[in-house]
Structure formats: C-alpha cells, structure tokens
Amino acid sequence: MLQIDLISIFPDYLTPLKLSLLGKAQDKGIVSIDIHDLREQTNDVHHSVDDTPYGGGAGMVMTAAPWGDAIDAITNDQELVDLIILTPAGKKFDQQMAADFSKKYHLVFACGRYEGIDARVGEFYSSKSNFKVHEVSIGDYVLGGGEVAAMVIIEATTRLIPGVLGNPDSLTEESHSISGNNDSLLVEYPNYTKPSNWRGLEVPEVLLSGNHGEIAKWRKAQAERRTQQLNKE
Ligand code: SAM
C-alpha cells in the first residue's frame, strides 16, 4: 500500500482527494491518504508559520520549525520516505516521474504558500539516509500554493498503481506512454464514440471497418501527426 501524507495550511483545499477513483482506491486499501494542518505544529496564539525573508524583499517565507515538526510527526527513521516539496523552481513533473512515484512506499507532500518554504527544510531531510527529497514543479507558472500541484501529482501517480483503474488496459495506449520512432513518446490519437454522425461530422471510416490492423495503423499515424503538430507550436 502506498502511504501519502500532505502538509498544508489549507487542509480543506485537499478534500477532492477523497473523491472518484482515488476515493475508491482508499476504500480498497491500495492507497492511504492523510492530510495534516501545518498550523497544528505551532505554539503561539496566532499559529504563525511565516516570517520576513533574510536579505529583505517582498513577501513572507514559511519558517522551518513547523515543517520539521510536521514531517517528523508522520515519518520514522526505519522507513523510506520520498519528500516532495512543491515549488515552481523544481524539476518539471512528467509521466516518467509519476511512474517512479507510483512504485514508492511513502510520499510526503509539502504544500508551500507565501514565497515558499525556508530552504533548510529540504537541505535537512536530504541529509537523512532514509529520505529522498524531490523539489517538483508542475509547470512554468506560479500558483498561489502547492495544494493543487500536489493533487495533480497524486492523481497522475496513483492511477498507475495496479487496481486503481477499473480497466488497466486504459494505461497501455495513453498520451506520453505510446512509443513513436526513435523512442520518442507520442500523444494519443483522437477518440470517437456513438453516434457515427454528429451535427454532420462523420467518424473516420476506418474506425467502423472492424479491420484491427488498419485501425492500429491509422491511430499510430494520427498520434504522430498530433505530436508533430504540438512540437511545431
Ligand atoms: N516565490 C516562489 C518563486 O518565485 O519560486 C513562488 C511561491 S508560490 C506564490 C507559493 C507556493 O505555491 C510555492 O511554495 C509552491 O508550494 C506552490 N507553487 C507555485 N507554483 C507552483 C508550481 N508551478 N509547481 C508546484 N508548486 C507551485
């Protein structure tokens, strides 16, 4: 079973993680997801988790102490932990990273806010032998917080775990998993369903032919065409 913990100052932001396929995966005991409020690790009346940046500048930085206490409270030295710190300055998330995360035991997501988390949190856990720290971005833009980014990563990761999808064949011919020429990865071909004519638009005839060889050839060509188009834009 994959254990996932998320730490955030907005735990309610993460309630969609209980829904849909992911909710079912938790009911089946394939994945366990626990959400933690960072402010529970504070002792002052205001439950503050941020302070002004050393060196000056705009905005506030999340202090290291509550993060360290929150991470320590949900991990132990006997287990392997992958700590994922969400940041727009991190390595770009992709399908390969999702596949790697889907094989882990314990993922801890640190959802930042303000100007991000004191850099010593990542540095400290990187120095621990049972921790692997990943600074991850979901794209070249800046969100208000790491919660949405964590949900993107969790959704892409958990659907790769056996038993999470109703039909595991859905994973075999997907965008970013289909091999093209020279080991490049293709996006998926276009999909159609009934009726065969909708507002005067016909489904490509080959898909109605029942000829599986021809259908496979057409789909491969379409996947290549779409991928080339994307790479041109
Ligand atoms: N000052 C930071 C910078 O320029 O790199 C941006 C901080 S952002 C306003 C607040 C938090 O949102 C970050 O700490 C991170 O957790 C999250 N975040 C924002 N954009 C993100 C992205 N593209 N990928 C992952 N997390 C992101």
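**Domains.** Domain 1 covers residues 2-159 and domain 2 covers 174-231; the bounds come from an automatic or database domain assignment.

**Model.** I am working from a predicted model, in which local features need pLDDT of at least 70 and side-chain atom pairs count only at pLDDT 80 or more, while totals for chains, interfaces and linings use all residues. Residues are numbered from 1 along each chain as its sequence is written, and side-chain values use heavy atoms, with hydrogens and water left out.

**Cores.** I take a nonpolar core as a set of buried Ala, Val, Leu, Ile, Met, Phe, Trp, Tyr and Cys residues joined through side-chain atoms within 4.5 Å. Buried is under 20% relative accessible area, exposed is over 50%, and partly exposed is in between (1.4 Å probe, protein chains only). The largest nonpolar core holds 30 residues, and Ile4, Leu6 and Phe109 have the most contacts inside it. Elements giving two or more residues to this core include strand S1 (2-8), strand S5 (81-92), strand S6 (106-110) and helix H5 (147-158). H5 gives the largest share, six residues. Helices (H or I, at least four residues) and strands (E, at least two) are DSSP runs, numbered from the N terminus.

I then listed the contacts (heavy atoms within 4.5 Å) of Phe109. Leaving out residues up to four places away in sequence, Phe109 touches, among others, Ile4, Leu6, Ile84, Leu86, Ala150 and Ile153. A second, separate core has 18 residues, including Ile9, Trp67, Ile117 and Phe131.

**Aromatic rings.** I pair rings of Phe, Tyr and Trp (its six-membered ring) if their centres lie within 6.5 Å; planes under 30 degrees apart are stacked, over 60 edge-to-face, and the rest tilted. The count is three aromatic pairs. Phe124 and Tyr125 are edge-to-face, at 4.8 Å between centres and 85° between planes. Phe124 is partly exposed at 45% relative accessible area, whereas Tyr125 is buried at 2%. Tyr125 also pairs with Phe131, tilted, at 4.8 Å and 45°. Phe124, Tyr125 and Phe131 make one aromatic cluster.

**Arg113.** I found the charged end of Arg113 over the ring of Tyr13, 5.1 Å from its centre. The rule asks for NZ of Lys or CZ of Arg within 6 Å of the ring centre and within 35 degrees of the ring normal. Arg113 also forms a salt bridge with Glu147, with the closest N and O atoms 2.9 Å apart. Arg113 lies in the loop between S6 and H4 and Glu147 in helix H5, 34 residues apart. Arg113 is buried at 14%, and Glu147 is buried at 0%.

**Other salt bridges.** A salt bridge is a side-chain nitrogen of Lys or Arg within 4 Å of a carboxyl oxygen of Asp or Glu, and I count seven. Asp77 and Lys128 form one of them at 3.2 Å. Asp77 is in the loop between helix H2 (64-74) and S5, and Lys128 in the loop between helix H4 (120-126) and strand S7 (131-137), so the pair ties together parts 51 residues apart in sequence.

**Backbone.** I checked the peptide bonds and found a cis bond between Lys194 and Pro195, with omega about 0°. Ser20, not a glycine, has a positive phi of about 55° and lies in helix H1.
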